[in-house]
Amino acid sequence: MDALQNLNPVLQLLIVMSMFSLLPFAFCCMTSFLRFVVVFSMLKTAMGTQQVPPAIVIIGLSIILTFYTMGSTFDRMYQMGSVPYQKNQNMVMAIQEGSKPLKEFMLKQT
């Protein structure tokens, strides 16, 4: 981790932007999003409808409910990650501290 701190800021930015490409994967795997999609799909099948509601509505509802249910976790991640970054501009420390609430959430869910 110390090697990342000594990198050129341009390379640090490149690494962070590369990590953003994995954001949809992380959103699906590290939140309750997939649970909502599965439950809504099962509910749609149980109602016996094929077309109503469309898949985009199910995805939209799942995203809204995911942000609602994980809002406190996201808020704690922001608070714990932004303080180390604002103090000393250390991105590695900010990522380590900011990921702790997500790890706690994931341990509760698995």
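The legends below describe close-up views of a predicted model. Local features need pLDDT of at least 70, side-chain atom pairs count only at pLDDT 80 or more, and totals for chains, interfaces and linings use all residues. Residues are numbered from 1 along each chain as its sequence is written, and side-chain values use heavy atoms, with hydrogens and water left out.

**View 1. Helix 6 and helix 8 pack against each other.** Helix 6 covers residues 71–88 and helix 8 covers residues 100–109; helices are DSSP runs (H or I, at least four residues), numbered from the N terminus. Two packed helices are described by the angle between their axes and the distance between the axes. Here the angle is about 150° and the axes lie 8 Å apart. The axes are lines fitted to C-alpha atoms over the stretch in contact, and angles run from 0 to 180 degrees between N-to-C directions. Helix 6 and helix 8 are therefore roughly antiparallel, the word used for angles over 145 degrees. From helix 6, the contact (heavy atoms within 4.5 Å) is made by Thr73, Arg76, Met77 and Met80. Helix 8 contributes Lys100, Pro101, Leu102, Glu104 and Phe105.

**View 2. Glu104 and Arg76 form a salt bridge.** A salt bridge is a side-chain nitrogen of Lys or Arg within 4 Å of a carboxyl oxygen of Asp or Glu. In this pair the N to O distance is 3.6 Å. Glu104 belongs to helix 8 and Arg76 to helix 6, so the bridge links distant parts of the chain, 28 residues apart. Glu104 has a relative accessible area of 44% and Arg76 one of 37%. Both count as partly exposed, because that class lies between buried (under 20%) and exposed (over 50%), with a 1.4 Å probe and protein chains only.

**View 3. Glu97 and Lys100 form a salt bridge.** Their closest N and O atoms are 3.2 Å apart. Glu97 is partly exposed at 22% relative accessibility, and Lys100 is partly exposed at 39%. A search of the whole structure finds two salt bridges.

**View 4. A nonpolar patch lies on the surface.** The patch is formed by Leu13, Met17, Phe20 and Leu23, with about 430 Å² of accessible area together. Such areas come from the Shrake-Rupley method with a 1.4 Å probe, and for residues only the protein chains shown count as cover. Patches are made of residues with over 30% relative accessible area and no salt bridge; like charges are joined within 9 Å, nonpolar side chains (Val, Leu, Ile, Met, Phe, Trp, Tyr) within 5 Å. Helix 2 (residues 9–20) supplies the largest share, three residues. Met17 lies in helix 2 and is partly exposed at 48% relative accessibility.

**View 5. Phe33 is a buried residue in helix 4.** Helix 4 covers residues 33–47. Phe33 has 7% relative accessibility. Leaving out residues up to four places away in sequence, Phe33 touches Phe27, Cys28, Ile59, Ser62, Ile63 and Thr66. Phe33 and Thr66 are 33 residues apart in sequence, and their C-alpha atoms are 5.4 Å apart in space.

Note on methods: Helix = DSSP H or I, 4+ residues; strand = E, 2+ residues; numbered from the N terminus. Parallel < 35°, antiparallel > 145°, perpendicular 65-115°, else oblique.
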